[in-house]
Amino acid sequence: PVLITDSVLQLIGRKHVAAMEVWLWRVVTTVLLSLPTFVSIRSVPKLLIVLAAITGLPVVAFILVGMTRVQPAVWFESRHGKPVSFGKLVNVLFWNLEGW
C-alpha cells in the first residue's frame, strides 16, 4: 500500500502532502486491497488471477514490441572490426542477467 499510494500521489502531482493525509491514503488503499477478502474468501483466487494477468500484460507487450525491433546481427559486433571475445560476452550476459 505504501508504494502504490506514494506512486499515485506523485503521478497526480501531490508531492508535498501532510503526513496525516498520506497516512489516510495508505489506510484507504489497504482497506480497498483487503476488501475482496472481507467480502468473500472464494473471490480471492479469481482476483489473484486477474491481478496476475493485469501485471503480466505490460511485460508481454514489451516483449512483443521488442521482438519486432531486435537486430541479432548487432549482438556480435565489436569495436574497430576486432573479433568478438565470447568469454567477455558470456561474462557480460551473466552479470546482466544474474538478478533474475
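Start by colouring the chain by confidence: helix H4 (residues 72-75) has the lowest mean, 80, and helix H3 (residues 43-69) the highest, 90. This is a predicted model. The chain averages a pLDDT of 86, and 99% of the residues score at least 70.

**Stop one: Thr 5 and Thr 29**

Select Thr 5, which is found in helix H1 (residues 2-11). Its relative accessible area is 4%, and because buried means under 20%, Thr 5 counts as buried. With neighbours within four places in sequence left aside, show what Thr 5 is in contact with: Val 22, Trp 25, Arg 26 and Thr 29.

Move along to Thr 29, which has its place in helix H2. Thr 29 is buried as well, at a relative accessible area of 14%. Beyond its neighbours within four places in sequence, Thr 29 is in contact with Pro 1, Ile 4 and Thr 5.

**Stop two: the salt bridges**

The count of salt bridges comes to two. For one of them, select Asp 6 and Arg 26, whose closest N and O atoms are 3.1 Å apart. This pair links distant parts of the chain, with Asp 6 in helix H1 and Arg 26 in helix H2, 20 residues apart. Asp 6 is partly exposed at 27% relative accessibility, and Arg 26 is partly exposed, also at 27%.

Next, select Glu 21 and Arg 14, which form a salt bridge with their closest N and O atoms 2.7 Å apart. Glu 21 counts as partly exposed at 26% relative accessibility; Arg 14 is partly exposed too, with a relative accessible area of 37%.

At 69% relative accessibility, Phe 38 counts as exposed.

**Stop four: the aromatic pair**

Where do the rings pair? The structure holds one aromatic pair. Select Phe 94 and Trp 95: their ring centres are 5.2 Å apart and their planes stand at 75°, so the pair is edge-to-face. The cut-off for that label is over 60 degrees. Phe 94 is partly exposed, at a relative accessible area of 47%, while Trp 95 counts as exposed at 55%.

Note on methods: Residues numbered from 1 in each chain as written. Predicted model: local features only at pLDDT ≥ 70, side-chain atom pairs only at ≥ 80, totals over all residues. Heavy atoms only, no water. Phe/Tyr/Trp six-rings, centres within 6.5 Å; stacked < 30°, edge-to-face > 60°. Buried < 20%, exposed > 50% of the residue type's maximum accessible area, 1.4 Å probe, protein only. Helix = DSSP H or I, 4+ residues; strand = E, 2+ residues; numbered from the N terminus. Contact = heavy atoms within 4.5 Å. pLDDT = per-residue confidence, 0-100. Salt bridge = Lys/Arg side-chain N within 4 Å of Asp/Glu carboxyl O.
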